[in-house]
Amino acid sequence: MRTDLHRHSTSALTNPLAAVRNLGILAHVDAGKTTVTERILYLTGTIHKRGEVHDGTTVTDFDSQERDRGITIFAAAVSCAWDGHRINLIDTPGHVDFADEVERSLRVLDGAVAVFDAVAGVEPQSESVWRQADRHGVPRIAFVNKLDRAGADLDTAVESIRRRLHPAPLVVQLPIGGEDGFTGVVDLLRMRAHLWSGGSYEQGPVPDSLVEEALRRRRVLEEAVAELHPAALEEFCAEATLSAGTLASALRDLTRTGEGVVVLCGSAYRDRGIEPLLEAVVAYLPSPLDVPAVRGTLGGEEQERAADPAGPFAALVFKVSSTSTGRLTYLRVYSGTVGKGEAVLDVGARRTERISRILRVRADRHAEVDRAVAGDIVAVIGVKAARAGATLCVPSAPLVLEPPGVADPVVTVAVEARRRTDVDRLVTALARLVEEDPSLAVRTDAETGQTVLSGMGELHLEVAVEKIRRAHGLDVGVGRPQVAYRETVGRGVSGLVYRHVKQDGGAGQFAHVVLDTEPLEAADSDSGGFAFRSAVVGGRVPQEYVRAVEAGCRDALAEGPLGGHPVTGVRVTLTDGATHPKDSSEMAFRTAGRLALREALRAGTMVLLEPVVEVTVTVPDDAVGGVLGDLAARRGRVSGSTARAGTAVVTATVPLAELFGYATRLRSRTRGRGTFTARPTGYAPAPGARPGPAASR
């Protein structure tokens, strides 16, 4: 049976909610995410010419820096249609420095396609984004890409998924041919062959040479599904086999519960395997109706909003960008309907905004629509101030949805305008930059007066500074990168007494507190690395003053005694205190808590912490010795080394401060043949006295 490439394209706008799929493409850098996205757009008729990453012609990598660097930097949303279903798709970055872009995208997605390299298998960043998807409970299917490459092996890649990611991989295809001879796949559910040649795609019977192997793998799939799915097990025990319908239904259930991961394969670059991938997206990944109702809060009470177009409007802002046409605010609509010209409430800012236009997005191109309904991912124009993480809703039914988490920046650089006349323009550009990317932070150093830009890594800051130069035409000077140190308690103190008394006419201030401090294990801390409890008895400190003491202690964590770095990993216990009948107040106890903890930290033993990362270095065999020596010189601790097809893969934990400029050094040592990736693993004690720039205070 011969099939036209565009036979499934239909009008997306007439699809009901059950025919909507909101999904992301997740992977390690260079695994082929953007090429997969490009082929999906081509097959669905959204574009009529295939773009290539190496040519800088892809739809989703439309930013000039993405095309120059050949990687995805910014999450790009596109909308297309397949077999009567509308697919809202987000192509996410694969580089660790842009993990926050992935985090914001996953917050609004119902499903995802995880792309793996058939040669490399699970790579460090593919593992990181998989864990991010786990935290958000996003169902996934896996696509093993690049089966046409030398050394590609589906079974090895699947085993790495099983070993590194710990799901139950359910392989539903068998490759036809390998490496340069890869021409198609066998669908193990329907026992049909999918073949690609030139620009054509056809289905037919399984080749005679693969029938036995296909039947064997079908049996393995049936047994794996029966172990996980009760209804499938019942049929398997009764019939000793599973029908295609039962298999498909069970695979859908296992995907949506996360108990199993459907695995497909292909070569996106050669246009092979994308049609079955799209069919799997429609068959196995959930619609907005299949996921739990979104939860939000109002006045401390939790509420649910079902994905109902007739319900009260509620949407989450997950991305903001400035374009030549104005400010674009990207929304995931969770309930209700919103139309052009309607007023919405930014609940957090308590500000009413008016939506002037609603756009169906295709990366940097847009199609205007009259309204957006529950389940839609759209961009709107007219919203002036809402930032990523804000909730927009109908003013008559406010609700606060949980925003995406934002990681703490780990690298900082000083930035300054080279011309004095550009200082104000630089301030405006930095403010817009932080508005678009919440993982960036800008502050003014109180001691030097310098403007400091902080981000998730060296590349992240390079991209941010280059964006200022290109978008705003500013000549910007940049200082040497510095890492974000932390301070923690090595040894605490007991019974520290602090008495805050202030009398300057009128009502005075009085607060008496007694504190204990001790190191806090990471497992016992909240997201800020801090725990507080009260052991006061007899009501000597009223509860409202206890809360004020805790707030004051949190204030004190902003600057530690070693070098003014944020403090983490401390437990504070309020053991005693006293009040005054007239002069005690929440403000007085908050001040006492702040000053008492500062004194306690100075009295105890503090430890300086530096950020560390896990580095995976891939080099030719003949360069391993030099690379190991260089890692040791950078205070790296090698944790593993494996050989793979003439190359060695070395894994080590290295302080982030030692990695600045490492890419250039690695290329020099390996004559351009070495590559590395890094992912944050937390903080570790810095050796000796290695305070950061603020330690000279």
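In this predicted model, A407 sits in the loop that joins β25 (400–401) to β26 (411–417). Its relative accessibility is 31%, so A407 counts as partly exposed, the cut-offs being under 20% for buried and over 50% for exposed. Leaving aside residues up to four places away in sequence, A407 touches D100 and M456. A407 and E103 are 304 residues apart along the chain, yet their C-alpha atoms are separated by 9.5 Å.

K146 has a positive phi near 65° and is a residue other than glycine. H166, also not a glycine, has a positive phi of about 65°. The loop of K146 leads from β6 (140–145) to α5 (154–165), and the loop of H166 lies between α5 and β7 (169–171). K146 is partly exposed because its relative accessible area is 22%, over the 20% limit for buried residues. H166 has 60% relative accessibility and therefore counts as exposed.

| Residue | Relative accessibility | Class |
|---|---|---|
| A407 | 31% | partly exposed |
| K146 | 22% | partly exposed |
| H166 | 60% | exposed |

The next topic is a pair of helices. Helix α14 (residues 624–633) and helix α15 (residues 662–670) have axes that come within 10 Å and cross at roughly 150°. Angles over 145 degrees count as roughly antiparallel, and α14 and α15 are therefore roughly antiparallel to each other. The crossing of α14 past α15 is right-handed. On the α14 side the contact is made by G626, V627, D630 and L631, and on the α15 side by Y662, R665, L666, R669 and T670. Sorted by class, this contact has four nonpolar, three charged and two polar residues.

Which residues of α14 are buried? They are V624, V627, D630 and L631. These residues lie on the same side of α14 because they cover an arc of only 130° around the axis. An α-helix has 3.6 residues a turn, so residues three or four places apart point the same way. G625, A632 and A633 are exposed on the other side of α14. The partners of the buried residues of α14 are β36 (605–620), β38 (647–655) and α15, against which they pack. V627, D630 and L631 are buried and are also among the α14 residues that make the contact with α15. Just after α14, R635 takes a positive phi of about 65°.

Notes. Residues are numbered from 1 along each chain as its sequence is written. This is a predicted model: local features need pLDDT of at least 70, side-chain atom pairs count only at pLDDT 80 or more; totals for chains, interfaces and linings use all residues. Side-chain values use heavy atoms; hydrogens and water are left out. Axes are lines fitted to C-alpha atoms, for helices over the stretch in contact, and angles run from 0 to 180 degrees between N-to-C directions. Helices (H or I, at least four residues) and strands (E, at least two) are DSSP runs, numbered from the N terminus. Angles under 35 degrees count as roughly parallel, over 145 as roughly antiparallel, 65 to 115 as roughly perpendicular and the rest as oblique. A crossing is left-handed if the near helix is turned anticlockwise from the far one by less than a right angle, and right-handed if clockwise. Contact means heavy atoms within 4.5 Å. Ala, Val, Leu, Ile, Met, Phe, Trp, Tyr, Cys and Pro count as nonpolar, Asp, Glu, Lys and Arg as charged, and the others, Gly among them, as polar. Buried means under 20% relative accessible area, exposed over 50%, partly exposed in between (1.4 Å probe, protein chains only). The arc is that of the directions from the helix axis to the C-beta atoms.
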